[in-house]
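Hi,

Here's the structure I promised to pass on.

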Amino acid sequence: MFKKLKIQLLTINAICLTIVILIIFLGIYYITLYEMNLQVSVVLNDIARNEETVSLIKGPSNNVKMVVSSSFFIKINKYGKVLGYSKNINIPKCDITNLKNTVLKKGIQYGNIKTGHLRFKFLKVPKKYGFIIAFIDNNMEINLYTYLIISFLFVGTISVILVIIISLYLANKAIVPVKTTLDKQNIFIADASHELRTPLAVLNSTLEIVVENKDKTVHSQMKWLNNIQSELFRMTKLIEDLLFLARVKKEEMPMSNFNISTTINNTYETFKVLTNKKNIELVFNIENEIIILGNEWRIIQLINIMLDNAIKHTPSNGKIEVCLLKHNNICELKIKDNGEGIPKEHIEKIFERFYRVDKSRSRSQGGTGLGLSIAQSIVDEHRGSINVLSTIGIGSEFHIMLPITF
Ligand SMILES: Nc1ncnc2c1ncn2[C@@H]1O[C@H](COP(=O)(O)OP(=O)(O)O)[C@@H](O)[C@H]1O
Ligand SMILES: [Mg+2]
């Protein structure tokens with residue numbers, strides 16, 4: 001699959017760059033052609049007007065630009081009889097008549113002619129006595145074009161080879177993030193399937209027990225039925241979390257200014273009930289009137305995830321502290337507990353999907369291992385950051401930095 005993608009990228013890159021090179025080369029070629037023609041017609045006009053041959057062409061700033069090889073003129077009367085020609089002419093008389101006849105036969109004023117190995121550009125201008133035909137040697141021009149084409153072919157071939165090498169390098173580079181994303185997605189699908197398979201297996205075996213005891217009352221099978229219910233609850237939570245993670249990446253979340261101090265303060269009573277149950281002290285230190293740009297619903301979800309974890313990992317008689325402060329354009333939310341702490345080697349990984357320090361314990365507490373991944377994506381959406389400081393046996397401290405506006 002990646003080989004095919006690489007070939008496609010390589011081909012597209014190579015074609016595009018080759019087209020660009022071709023356009024540049026053709027542009028140079030046609031500009032040179034146009035400029036040459038312009039110069040030649042200026043020289044021919046000069047010869048015809050002054051009845052004098054020139055050997056030099058002057059550039060725009062009166063600098064001598066180039067030497068014109070050979071130029072000459074032939075004067076003829078209205079009936080085509082040769083009246084004279086320039087002194088510098090060095091071709092046989094028969095060729096002169098030939099040239100004149102060919103020009104007359106062509107019936108045009110300006111063009112190219114060829115007699116034998118001689119090639120000229122000519123301009124026929126009417127005069128009082130008849131016509132003057134100015135000629136200029138075309139060989140030099142043709143040689144220049146041939147030289148240009150050969151140079152282009154040579155440079156072009158080298159360029160195309162370079163383009164292919166560069167394209168190969170770029171294609172290899174471009175594929176890395178695609179491959180990483182796909183690998184991550186595959187791992188995610190495998191993990192999600194694995195997570196769903198466990199409750200399904202439990203459901204299956206529990207149901208088998210219930211079915212095997214058909215004659216027993218519902219009441220007597222309550223233990224198994226409760227088991228089924230709690231597994232179904234876990235699966236629903238897992239699917240909801242998975243859907244949330246999928247949605248959070250795709251959907252634009254509506255942002256508005258809201259008072260985060262009030263939002264956090266409003267959650268106090270709910271968590272107080274839960275901490276009271278475990279006899280944990282809950283302290284809220286919230287700086288008032290902090291307004292941030294964000295999504296209030298998701299911030300509530302964030303504090304829910306963080307406090308749910310803190311409560312789960314803090315033993316009875318412990319303490320959880322929630323602080324909210326503002327420095328400059330940053331609002332800092334700190335959730336500190338004096339619970340079990342996180343082993344050093346796990347700290348880097350706890351934000352990964354499905355990662356849990358103690359999988360079976362987390363599972364028995366209804367955890368899916370997606371809480372901190374969701375927290376991370378909510379913080380990312382608010383263009384903030386989340387960090388953790390933790391010491392085993394002393395506690396954990398999560399710092400969430402949210403920009404007030406962005
Ligand atoms: N406050 C905390 N104290 C100790 N460990 C924590 C804390 N918060 C999170 N963790 C660890 O990080 C892991 C991942 O957390 P999370 O993504 O919320 O998953 P879950 O809570 O479903 O297990 C948890 O399993 C736990 O091991
Ligand atoms: Mg959690």
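Below are the conventions, then the helices, the domains and the ligand.

This is a predicted model, in which local features need pLDDT of at least 70 and side-chain atom pairs count only at pLDDT 80 or more, while totals for chains, interfaces and linings use all residues. Residues are numbered from 1 along each chain as its sequence is written, chains are lettered from A and ligands numbered from 1 in the order written, and side-chain values use heavy atoms, without hydrogens or water.

Helices first (DSSP runs of H or I, at least four residues, numbered from the N terminus). α1 (residues 2-50) packs on α3 (residues 139-212) at about 155°, with axes 7 Å apart. That makes the pair roughly antiparallel (angles over 145 degrees between N-to-C directions).

Then the domains (bounds from an automatic or database assignment): domain 1 is 2-145 and domain 2 is 255-403. Their C-alpha centres lie 82 Å apart.

Polar contacts are N or O pairs within 3.5 Å. A ligand oxygen sits 2.8 Å from a polar backbone atom of L372, and a backbone N or O of G371 is 3.3 Å from a ligand oxygen. The side chain of S396 has an N or O atom 3.4 Å from a ligand nitrogen.

Cheers

Note on methods
Axes are lines fitted to C-alpha atoms, for helices over the stretch in contact, and angles run from 0 to 180 degrees between N-to-C directions. Helices (H or I, at least four residues) and strands (E, at least two) are DSSP runs, numbered from the N terminus. Angles under 35 degrees count as roughly parallel, over 145 as roughly antiparallel, 65 to 115 as roughly perpendicular and the rest as oblique. A polar contact is a pair of N or O atoms within 3.5 Å; within protein, one must be able to donate a hydrogen and the other to accept it, and residues adjacent in sequence count only if both atoms are side-chain atoms.
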